[in-house]
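The sequence and the structure are shown below.

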Amino acid sequence: MNLELRHLRVVCAIAETGSVTKAASTLGLAQPALTAQLQRIERALGGPLFERDRRGARPTPLGELVLARARVLLPAMKGLQDEAARLAGAGDAPRRYRFGGVNSPILGRIVHRLAAERPPAQIITYASWSADELAQLVASGRLDFTLSGVCGDSSPSGEFGLAWREVSIDPVHVLLPESHPLAGQEEVRLAELRHEQWVAAPGEGCFGDCFAAACARAGFTPRKVYEADVRGCLDLVDAGEAIALCQATFRPVAGQVTRRLAGTPLRWRLMLGWHPEAPAARVADRVLETALAAYTDALAAHPAYLAWLLRNPGFGARDSTVAEPVHGVRTA
């Protein structure tokens, strides 16, 4: 039997979990099948790799040697695969655009504009609640761009080496049922919502901490916070069971309204990220311009917010000519 990378992954899994049974569960294999595979690996290498007893599995000297080599080879092969994926499809005109988004309010409009401007190109979208998952997919070459949000002055994670540019910065709004006593106000003070229950879509990042800090500055701790997908959030608001924070360009369903939070205690920055060494980097400026145009398109459905932006020029679409791409470093 020739030794393969998958065999090294098996050896590493057993060493990391300290048990063949636990390694089988981690790898999604039946324990007898993994035991048989380990025996074949040991025969190919000429001796036992683990001492096994009631306390688990511990590497033998031969096992330690194999593990030392595997821990060098596996990351090196992963890096080779990622580099190859980033270089695949290089050319003057992209044949495809692969976007990831975390509850992005403009992804649909970006797709619409690209499809109209570049009909031959294939456009692929991928949704996730995890901004880090999307950044990792971009870093590994499986996505070209990610649209992710961060709160306040925070920056996206720098762990994956992506370049980031700001698309827009908006004050966070609150989603209320039309029957809510505060629904008739143009803006609502956060302190006026101290007795409310809340609902939020799942996700990562610092926004939960930012919300809690904003409530603390307003003099209260938020009551129960439900977690649901977007449809579930709308249902809970519609039922009068909870209210929700939302993006400024969010379009509520019938029977619900969005209202600004007075004093903008929470801000949301929409960011476009890509890997600076990937083929997509060559068209990043063009895609950023498309994202900015898509954001402007979204404002057409919100005339009151558009009028507010004209009075508050520090918010809204960012100037694509001002800042150079930066590598994100998480600051909150």
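Helix 5 passes helix 9 in a right-handed crossing, where a crossing counts as left-handed if the near helix is turned anticlockwise from the far one by less than a right angle, and as right-handed if clockwise. Helices here are DSSP runs (H or I, at least four residues) and strands are likewise DSSP runs (E, at least two), both numbered from the N terminus. The model is predicted: local features need pLDDT of at least 70 and side-chain atom pairs count only at pLDDT 80 or more, while totals for chains, interfaces and linings use all residues. Residues are numbered from 1 along each chain as its sequence is written, and side-chain values use heavy atoms, with hydrogens and water left out.

Two packed helices are described by the angle between their axes and the distance between the axes. For helix 5 (residues 107–117) and helix 9 (residues 284–299), the angle is about 120 degrees and the axes lie 8 Å apart. Helix 5 is therefore oblique to helix 9. Axes are lines fitted to C-alpha atoms, for helices over the stretch in contact, and angles run from 0 to 180 degrees between N-to-C directions. Angles under 35 degrees count as roughly parallel, over 145 as roughly antiparallel, 65 to 115 as roughly perpendicular and the rest as oblique.

On the helix 5 side, Arg109, Ile110, Arg113, Leu114 and Glu117 meet Thr290, Ala291, Ala293, Ala294, Asp297 and Ala298 of helix 9, contact meaning heavy atoms within 4.5 Å. By class, the residues of this contact between helix 5 and helix 9 are 6 nonpolar, 1 polar and 4 charged. In this classification Ala, Val, Leu, Ile, Met, Phe, Trp, Tyr, Cys and Pro count as nonpolar, Asp, Glu, Lys and Arg as charged, and the others, Gly among them, as polar.

Arg6, His7, Val10, Val11 and Ile14 of helix 1 make the contact with Leu34, Gln37, Leu38 and Ile41 of helix 3. The contact of helix 1 with helix 3 comprises 6 nonpolar, 2 polar and 1 charged residues.

Val20 is in helix 2 (residues 20–27). With a relative accessible area of 5%, Val20 is buried; buried means under 20%, exposed over 50% and partly exposed in between (1.4 Å probe, protein chains only). Beyond its neighbours within four places in sequence, Val20 is in contact with Ile14, Gln31, Leu34, Thr35, Leu38 and Arg52. Val20 and Arg52 are 32 residues apart in sequence, and their C-alpha atoms are 8.8 Å apart.

Tyr97, in strand 3 (residues 96–101), is buried with a relative accessible area of 2%. Not counting residues up to four places away in sequence, its contacts include Leu114, Arg118, Phe145, Val283, Arg286 and Val287. Tyr97 and Phe145 are 48 residues apart along the chain, with their C-alpha atoms separated by 7.9 Å.

Side chains of opposite charge can pair when their charged atoms come close. The whole structure holds 13 salt bridges, each defined as a side-chain nitrogen of Lys or Arg within 4 Å of a carboxyl oxygen of Asp or Glu. The table lists examples.

| Salt bridge | N to O distance |
|---|---|
| Asp53 and Arg55 | 3.6 Å |
| Arg118 and Glu117 | 2.9 Å |
| Arg260 and Glu187 | 3.8 Å |

Arg260, in strand 12 (residues 256–261), and Glu187, in strand 8 (residues 187–188), link distant parts of the chain, 73 residues apart. Arg260 is buried at 10% relative accessible area, whereas Glu187 is partly exposed at 36%. Salt bridges that share partners join Glu51, Asp53, Arg55 and Arg58 into one network. Within it, Asp53 is partly exposed at 35% and Arg55 is exposed at 71%. Arg118 is buried at 18%, and its partner Glu117 is partly exposed at 42%.

Most residues other than glycine have a negative phi, and most peptide bonds are trans. Thr264, although not a glycine, has a positive phi of about 45 degrees. Thr264 is located in the loop between strand 12 and strand 13 (267–274) and is partly exposed at 24% relative accessibility.
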